[in-house]
Amino acid sequence: MQDPELPHTSPEPRISHRHLEVFRALMLSGSATAAAQMLFSSQPTVSRELARLESLLGYALFERAQGRLRPTARALSLWAEVQRSWQGLDRVVEHALALARPHQARINVLCLPALSHALLPAALARLHAEHGPVAVSVATQEAPLLQEWMAAQRYDLGLGELAEAPPGTRALALPAMDEVAVLPAGHALAARPVLEVADFAGESFVSLARDDPYRQQIDAVFEQAGVQRQLHLETHSAVAVCAMVQHGLGVAIVNPLTARACAGPQLVVRPLVFSIPFQVHALLPLHRPAVAEVQWLVDALAAEVAAVG
């Protein structure tokens with residue numbers, strides 16, 4: 001109920017979007033009749049809306065001359081602003097429509113550096129071959145920051161090696177593969193089609209870092225077999241391991257994705273009799289707006305891993 005001590009106030013009339021539509025149509029057409037056709041309206045309605053707009057503004061926008069509407073200086077100034085606003089609205093509409101086209105969607109991917117080199121490019125090529133161009137932005141990060149950033153819902157898809165899903169995500173295991181041996185071209189072991197644990201006895205061996213879980217699995221296999229290697233070099237990066245092997249600094253065991261990406265005239269790849277499983281896990285955020293094309297990329301990743309395995 002209105003307080004009797006307070007004066008009654010009614011809402012102040014405001015200029016509406018419809019008023020600006022009418023003004024724009026009049027500026028483009030030059031007459032109320034043509035403007036009405038543009039707006040699928042009637043000439044009296046357009047004239048009434050114009051009169052209302054001019055009343056709200058407190059000044060005339062057009063001079064009437066021989067059935068035509070001639071814009072005033074104020075109308076021309078307002079027109080410049082309306083055009084800028086309409087162009088911005090057109091861009092919004094264009095963007096909204098573009099989002100319905102697959103090649104306009106953008107997938108933000110966070111992955112281990114090694115996977116950005118060894119797995120993602122081939123998977124993206126497979127994705128584009130099957131669905132056409134899809135915009136993808138790739139960032140790289142090591143654990144544990146990779147898990148922290150995925151938990152923060154900053155990316156549409158994460159690729160890592162840990163099976164445990166960070167809070168706010170779910171983990172999807174890609175097909176498992178086996179680690180492989182990488183050897184310098186011309187090395188004596190390169191003549192063998194498959195390598196056993198004993199084949200590495202006494203060899204200079206390039207290792208992953210001591211805290212790497214795959215390094216620990218590899219060391220456990222050799223320790224259990226009682227095979228001694230010469231351990232002088234170690235690095236956090238499987239790509240760096242392969243680069244050292246290419247330069248003849250030793251032999252190594254790495255994941256098959258990196259091995260395949262680095263294989264060439266100076267580096268050969270050989271399977272192992274024993275198994276050290278390697279598996280990539282896709283991390284999907286639970287609280288980030290979904291991008292439908294992410295599933296296409298996950299399918300391409302799984303197909304690429306299966307082809308390697």
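**Close-up views of a predicted model**

View 1. Threonine 169 sits in strand β6 (residues 169-173); strands are DSSP runs of E with at least two residues, helices are runs of H or I with at least four, and both are numbered from the N terminus. This is a predicted model: local features need pLDDT of at least 70, side-chain atom pairs count only at pLDDT 80 or more, and totals for chains, interfaces and linings use all residues. Residues are numbered from 1 along each chain as its sequence is written, and side-chain values use heavy atoms, with hydrogens and water left out. Threonine 169 counts as buried because its relative accessibility is 8% (buried means under 20% relative accessible area, exposed over 50%, partly exposed in between, with a 1.4 Å probe and protein chains only).

**View 2. Partners of threonine 169.** The threonine 169 side chain reaches the backbone oxygen of proline 166 at 2.7 Å. Beyond neighbours within four places in sequence, threonine 169 is in contact (heavy atoms within 4.5 Å) with residues including Met150, Gln153 and Pro285.

**View 3. A three-stranded sheet.** The order β11-β8-β12 makes an open sheet of 3 strands with antiparallel pairing; two strands pair if DSSP finds at least two bridges between them. β11 (252-254) and β12 (267-270) are the edges; each has a single partner strand, so one side of each lacks a neighbour in the sheet. From one strand to the next, the twist averages 35°.

**View 4. β8 beside β11.** Strand β8 (residues 180-184) and β11 run antiparallel, joined by 3 bridges. Valine 180 stands opposite valine 254 in β11.

Definitions and conventions:
Axes are lines fitted to C-alpha atoms, for helices over the stretch in contact, and angles run from 0 to 180 degrees between N-to-C directions. A polar contact is a pair of N or O atoms within 3.5 Å; within protein, one must be able to donate a hydrogen and the other to accept it, and residues adjacent in sequence count only if both atoms are side-chain atoms.
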